[in-house]
Each structure stands twice: as C-alpha cells, then as structure tokens.
Amino acid sequence: MEVLERYESIVDDFEAFLAACERSLPSVVRVNTIKTSVDRATEALAAEGITAEPIDWHDGLLALPDGNPGSNWPYVQGWLHGQEEVSALPPLVLDPQPGERVWDAAAAPGSKTTQLAALMDDDGMVVATDNNLGRLSALRSNAERLGVTNLAVTNEDARNHSLKPFDGREYDRALVDVPCSCEGTIRKNPDALAEWTFEHVQGIAGVQKGILRRAIEATREGGTVVYSTCTFAPEENEAILDDAVEETDARLVDVDLPLDSRPGITEWEGDTFDPSVRKARRIYPHFNDTGGFFVAKLEVTA
Amino acid sequence: MTDQPSDSDDKLRNDDEQLRDNDGQRFGRLPATEGDREVAGRPSREAVLDFWTDRFGVPADTFADYTFWERGSGKIWAFRGELPSPVEIEALGMTFLRTRQEHWKPTLSAIQRFGDAASDNVIDLTREQAQTFLAGEDQELAWDGDWGYLIVTHELAGEREPLGVGLYVYDELRSQVPKGRRRDLRD
C-alpha cells in the first residue's frame with residue numbers, strides 16, 4: 001500500500017481512499033446481449049438460486065455476491081462474462097455503432113473486445129490486437145463462448161499495427177486500453193503492487209505513448225479514440241495524453257460518465273501537462289466502491 | 001454412420017492439405033460454388049449452406065451477412081463481414097464447421113450462435129441429460145431420427161436453447177463438447 005502514498009496530494013479524502021483499496025470487490029458479470037437479454041440472464045441465474053444484484057449505473061452488469069460466476073448454465077451458454085464493473089466503462093465511452101470499423105489495440109483477454117462487439121450488435125468489424133499469444137488464446141476462447149462473429153484477431157506489437165490485412169482502411173474508432181501498472185486493480189488482486197517499481201512505470205509509459213500514437217494515426221479524421229488504464233500513476237495517464245496532444249492530430253473532448261469521477265491533473269512532481277488533459281476522468285475506489293480507473297476521449301482532427 | 005471423429009483427426013495431414021495451409025496462419029475464402037474452386041479440396045460456400053439446410057433445416061439467409069473461410073484442412077470459420085482473401089491473421093470470426101471427414105461437423109460455438117434457426121435433427125434434453133452431456137459423457141437415449149450429428153438443446157429461462165453437438169449412434173448420444181467447454185453442473 002505504501003506505493004499509493006505518492007497520491008496523497010491529488011486524492012480527496014485520502015484515508016477513505018486507502019481504506020477502500022483494502023476492501024475486496026464482489027464478482028461482477030456483464031450480460032452478453034449478442035446471445036440473450038438481461039431479463040433472461042437474470043431469470044436463468046435466479047432459477048439456479050444464484051443471487052444477482054443489478055449495478056445501478058448499467059443495466060447489463062450484475063454483481064454476484066456469492067462468487068463463482070463461471071459454474072452455471074447462463075455462463076455455459078455464453079450469456080455472461082466476468083468483468084470488473086469499472087472496466088465496462090471504456091467501451092461505453094467509445095460508443096461504437098453497428099457497421100463501424102473499430103480497433104481494440106491491447107485487446108487480450110477480450111472483456112472489452114467482446115463488449116465492443118455486443119455494443120455493435122456484432123455488426124461491422126472489431127480488430128483485436130495483442131502481442132501475447134497466450135493471452136490471445138484466452139481472448140479467442142472468450143469470443144467463441146460469447147458468440148462474437150465480427151472479430152478479426154492479430155498478434156503483433158500494436159505500435160506497429162498493420163492495416164494491410166484490412167484493405168488499408170482507417171478505423172472509425174479505436175480503444176487504447178493499455179497494459180499498465182494496474183494500481184487500480186488492488187481490490188481484485190491484493191498483490192497488484194507487490195512488483196511495483198518506478199522503472200516499470202517509466203518503461204511501460206513508453207509503450208503506452210507508442211500505442212496511443214499508432215491508434216490516432218490509424219483512425220480516420222473525425223473518428224474517436226478512447227485511452228484508458230487501471231492505474232492512478234500520472235506518468236501513465238495525463239503524461240501520455242499530453243504527448244498525444246503535442247505530437248499527433250488529436251484533441252481531448254469531454255467525457256460524460258455515469259460514475260463519480262475527478263478531472264485529469266495538470267501538474268505532477270514538477271511536470272506540467274496540457275490544460276486539456278483536465279477533460280480526462282479519474283475514478284477512485286472510494287467514490288463509487290469500484291476499482292480505480294482512468295479514461296479519456298480524443299477526437300482525431302486530421 | 002460408423003466412422004468416428006476423434007482428436008487424432010487433426011494430426012493426420014497429407015500433402016494436399018499442406019498445400020492448402022502452408023503456414024497455418026492463412027485464411028482462404030471459400031469459393032461461391034465448386035465451379036469457382038481454385039484450391040483443391042476446399043468446400044464451396046454453396047456446399048456449406050446446403051449442409052446447414054439439408055441436415056438441420058437452417059435457412060440459407062441466416063448466413064447472408066457472413067463470409068466463410070478455411071484455415072488448415074477442413075477447418076471452416078464464419079466471419080460477419082468482408083475482407084480481401086487470403087488474409088494472414090490470428091483469427092477471423094468464429095470457428096464454424098469441420099469438413100475434413102465424410103460427415104461434416106458443426107462447432108459448439110456455431111450451434112450455440114445459429115442453432116436456434118434449426119428445425120431438423122434437433123434433440124431436446126432434460127436438465128439431467130443436459131448435465132451429463134455438458135460433462136462430456138455419453139448416454140443411452142431414444143431417438144427416432146437419423147444417426148449422426150445432432151443439435152442438442154435444453155430449456156433455459158423458459159425457452160429452448162441450443163447447447164452443443166452430439167453424435168447419435170448405436171442408441172446412444174455421444175457428447176462432442178470440447179474438453180475446454182465441459183463443466184460438471186450436477187448437484
């Protein structure tokens with residue numbers, strides 16, 4: 001937990017923040033609307049005697065306080081997917097439409113990929129990229145179980161993503177939910193901070209910059225790119241956006257979230273960031289009883 | 001039907017098949033008809049649609065938005081969209097159908113996604129029978145229809161739901177649920 005002490009100056013009600021980080025999170029499932037409706041999924045869970053509590057800000061999310069979300073009929077039928085509540089946000093912010101071309105730049109294990117496909121009614125195309133074959137195998141198995149058919153999967157470094165297999169056409173939207181130091185997942189994984197080092201944060205920030213730049217480049221003018229992490233570190237959040245605004249043809253736009261959040265910060269340990277990074281949103285565990293998260297929306301301008 | 005599909009089928013590949021899949025990564029689009037065929041042994045889109053209609057009564061227009069692709073010998077994928085062929089990527093759409101053996105076999109994923117459009121060779125299981133099937137076990141069951149691959153359904157949340165593929169031979173239903181999809185939900 002001492003890693004989190006570095007955020008005392010930027011987090012309101014810091015003691016409550018630390019206390020929330022100590023509490024575990026309930027299992028949450030997302031209903032897969034490619035295969036069923038929220039009503040049928042709820043009915044099937046009830047028939048098996050499984051308690052499912054609706055999450056108030058999103059009718060497709062159900063908390064399963066008794067856990068074990070993978071051993072029941074609706075799961076077997078691909079009606080449910082275990083997904084941390086707050087991680088359902090970036091696809092909603094990206095708001096992909098049926099028929100569009102969408103890139104999920106760091107896709108495995110596919111929770112958000114399959115959510116994107118569901119938001120598109122499985123119509124159009126989702127290209128899911130990851131550099132890790134093992135994690136791609138998990139993505140593939142999730143996509144099969146959830147019945148996604150508008151998906152193309154590539155195994156490559158997203159920074160060098162090639163549009164060649166896809167006719168060279170640019171995307172309408174891209175989701176850049178990057179690998180990060182995962183500080184915000186501490187409630188799900190108490191060991192999340194055990195391996196934390198500042199060198200890792202700095203190293204991964206370079207990768208994050210590269211992926212976001214490539215996503216902006218591969219998205220058409222007027223298209224949307226969403227950048228998200230599950231970490232609090234400004235080096236992996238506002239600093240990455242600052243680089244994109246400076247170096248690419250994209251600008252930050254407002255994000256309207258159904259959860260209580262705070263604006264991005266413009267100063268951190270002697271660095272200052274472009275004032276527009278305030279349009280990004282920080283989600284802290286103690287405000288909504290969720291994991292920690294960061295999300296920003298960019299419009300591609302050329 | 002007496003030939004038995006088995007896990008070892010995938011490991012047996014002859015030279016023709018090597019030609020169809022020389023790097024294991026390439027998806028080739030199925031030709032519209034046999035007359036359009038450029039790759040020996042590759043099934044046509046027409047034959048795939050006929051299979052679903054003839055065997056299961058699934059109307060061809062169910063797949064109007066889909067293109068079909070082969071990667072490896074007789075492994076057919078369904079993709080909702082269009083791309084230039086061939087395409088060398090990790091996955092394209094959903095695994096859909098195995099055509100390597102004399103009797104073609106739909107995947108569990110395809111049955112769960114498209115099986116509700118089926119009218120023929122559909123066997124409805126009780127909850128207990130469905131549990132046995134999902135656990136990967138064979139069971140003796142009465143069935144008046146053809147032997148061969150059947151669409152297995154059960155009732156869930158008040159409706160009939162396609163669950164997977166079974167092989168009906170010699171008065172028993174042999175579960176074809178892949179190992180990774182098996183679950184024991186018996187009490």
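Strands here are DSSP runs of at least two residues, and helices (H or I) are runs of at least four, numbered from the N terminus. This is a predicted model, where local features need pLDDT of at least 70, side-chain atom pairs count only at pLDDT 80 or more, and totals for chains, interfaces and linings use all residues. Residues are numbered from 1 along each chain as its sequence is written.

Widen to strand E2 (residues 67–70) of chain B. E2 and E3 of chain B pair antiparallel over four bridges; pairing takes at least two DSSP bridges.

Show the whole sheet next. Six strands of chain B form an open antiparallel sheet, ordered E4-E1-E2-E3-E6-E7. Its edge strands are E4 (87–88) and E7 (105–106) of chain B, each pairing on one side only.

Contact means heavy atoms within 4.5 Å.

Move to the interface. Here 34 residues of chain B contact 37 residues of chain A. The rule finds three salt bridges across this interface (a side-chain nitrogen of Lys or Arg within 4 Å of a carboxyl oxygen of Asp or Glu). Pick A:Arg40 and B:Glu161: they form a salt bridge, with the closest N and O atoms 3.4 Å apart.

Finish at strand E7 (residues 151–155) of chain A. Two bridges join this strand to E5 of chain B, and the two run antiparallel. Select A:Val153; opposite stands B:Ala91 in E5 of chain B.

Note on methods. Chains are lettered from A and ligands numbered from 1 in the order in which they are written. Side-chain values use heavy atoms; hydrogens and water are left out.
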